[in-house]
Amino acid sequence: HAKDAGRNRFSYYSPSMQEHAQARLQMGTDLRTALAEGQLSLHYQPILNLANGEVFKAEALLRWQHPALGEIPPTEFIPVAEELGLIDAIGSWVFDSAIAAVARWRTLWPEDDRANCPLQISVNASPRQFTGGRSIDGLLARLEALGLPGHCMAIEITEGMLLDKHPAVAAQLSRLAAAGVPVTIDDFGTGYSAMAYLKRLDIDTLKIDRSFIRDLTTDPGDLAIAEAIIAMAHKLGIRVVAEGVETLEQQSRLNDAGCDYSQGFLFSRPLPEAAFFELIARYRP
Ligand code: C2E
Ligand code: MG
Ligand code: MG
Ligand code: MG
């Protein structure tokens, strides 16, 4: 706002900083309303098993339909929710909704075979949910109350969470492992963690960050990194998902490198529940 610059020349905050802080507080207020009034929903992005073409896994991705502003992407509102202390409540809502969804999907399996149902929803968690808050307790209690096995969920965390060596994080990860809930490291390769945690902690899956997949077929360095991640993970008994797969060429390179799963716009964008349900109904044996 160039025309405001003169007026605010002597104020401590620039107008844009004030506006930014106000917008963030307003977003926090709107998020509380969103949670109370059902403006949040989950979309589900299928995860393709490259070895056999099956689609029994999906990542739950949060969507916010703001009544006045339209859809606001999670990359905008999640950081605000984290900053304003709303992420544990939102995370609990996400966990509960994902569990309810997978419970609905499991009914596609006959009751006497439901124990073998391979459907799994992978849910993103923020650091705060591991270092305080009630959402992990809530998740475990809800699974137990519904008699659901831990493997119908997976929790995605980023490497950065393991960096600060908060004892609470390791303790929560052990609780999840004990309950059979697999842990995935999201955006792998972009953080600064020492990889020692891969053998120390019970990690089920690595997701190769989209930034290495984007130029996989033209940048030999990116291909080398993806291949090295896959080889290392497999030696440690860890499975690998490539995220952001947009072309067949990328997918076939990943397949050649032995990557286990592919997630990206090539196979499917994140889908509303009804569309995802139709898709898995088609893949059911
Ligand atoms: P993420 O966990 O790494 O999720 C993958 C993101 O990549 C999603 O963006 C997805 O729509 C996008 N994506 C998938 N395939 C492709 C592709 O082929 N090309 C491109 N360009 N993008 C692709 P989305 O849904 O906007 O989510 C962004 C981030 O927001 C997520 O990154 C995650 O960090 C965060 N997020 C989303 N939902 C939640 C949630 O429920 N809780 C928390 N704490 N964070 C969430
Ligand atoms: Mg994720
Ligand atoms: Mg990711
Ligand atoms: Mg990513």
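Modeller: Buried means under 20% relative accessible area, exposed means over 50%, and partly exposed lies in between, with a 1.4 Å probe and protein chains only. This is a predicted model: local features need pLDDT of at least 70, side-chain atom pairs count only at pLDDT 80 or more, and totals for chains, interfaces and linings use all residues. Residues are numbered from 1 along each chain as its sequence is written, chains are lettered from A and ligands numbered from 1 in the order in which they are written, and side-chain values use heavy atoms, with hydrogens and water left out.

Biologist: Is Gln-250 buried or exposed?

Modeller: Gln-250 has its place in helix α11 (residues 248–256). Helices (H or I, at least four residues) and strands (E, at least two) are DSSP runs, numbered from the N terminus. At 5% relative accessibility, Gln-250 counts as buried.

Biologist: Which residue's backbone nitrogen does the side chain of Gln-250 reach?

Modeller: A polar contact is a pair of N or O atoms within 3.5 Å; within protein, one must be able to donate a hydrogen and the other to accept it, and residues adjacent in sequence count only if both atoms are side-chain atoms. The side chain of Gln-250 makes such a contact at 2.8 Å, and the backbone nitrogen belongs to Glu-246.

Biologist: How far is a polar side-chain atom of Glu-246 from a nitrogen atom of ligand 1?

Modeller: Gln-45 has a side-chain N or O atom 3.1 Å from a nitrogen of ligand 1. Asn-124 places a polar side-chain atom 2.9 Å from an oxygen of ligand 1. For Glu-246 and a nitrogen of ligand 1, the distance is 2.5 Å.

Biologist: What share of the area of ligand 1 does the protein bury?

Modeller: Accessible areas come from the Shrake-Rupley method with a 1.4 Å probe; for residues, only the protein chains shown count as cover. Ligand 1 taken alone exposes 800 Å², and the part buried by the protein is 82%.

Biologist: Which element gives the largest share of the shell around ligand 1?

Modeller: A residue is near a molecule or strand if one of its heavy atoms lies within 4 Å of it. There are 22 residues around ligand 1, and Arg-63, Asn-124, Asp-186, Glu-246 and Phe-265 come nearest. The elements giving two or more residues are β2 (57–66), α2 (74–83) and β6. The largest share, four residues, comes from β2.

Biologist: Which residue bridges the magnesium ion (ligand 2) and the magnesium ion (ligand 3)?

Modeller: Donors are N, O and S atoms within 2.8 Å of the metal (3.2 Å for Na, K and Ca); water is not among the atoms, so sites may look incomplete. The magnesium ion (ligand 2) has Glu-59 (OE), Asn-124 (OD1), Glu-156 (OE) and Asp-186 (OD) as protein donors, at 2.0 to 2.2 Å. The two ions are 3.7 Å apart, and the bridge is Asp-186.

Biologist: How many residues apart in sequence are the parts that Glu-156 and Asp-186 tie together?

Modeller: Along the chain, the donors of the magnesium ion (ligand 2) follow E-x64-N-x31-E-x29-D. Glu-156 and Asp-186 are both buried. Glu-156 lies in strand β5 (residues 153–158) and Asp-186 in strand β6, so the pair ties together parts whose separation in sequence is 30 residues.

Biologist: What is the relative accessible area of Glu-243?

Modeller: Asp-187 counts as partly exposed because its relative accessibility is 26%. Glu-243 counts as buried because its value is 11%.

Biologist: How far apart in space are Leu-35 and His-166, C-alpha to C-alpha?

Modeller: Leu-35 is in helix α1 (residues 15–37). Leu-35 is partly exposed, with a relative accessible area of 26%. Leu-35 and His-166 are 131 residues apart in sequence, and their C-alpha separation is 29 Å.
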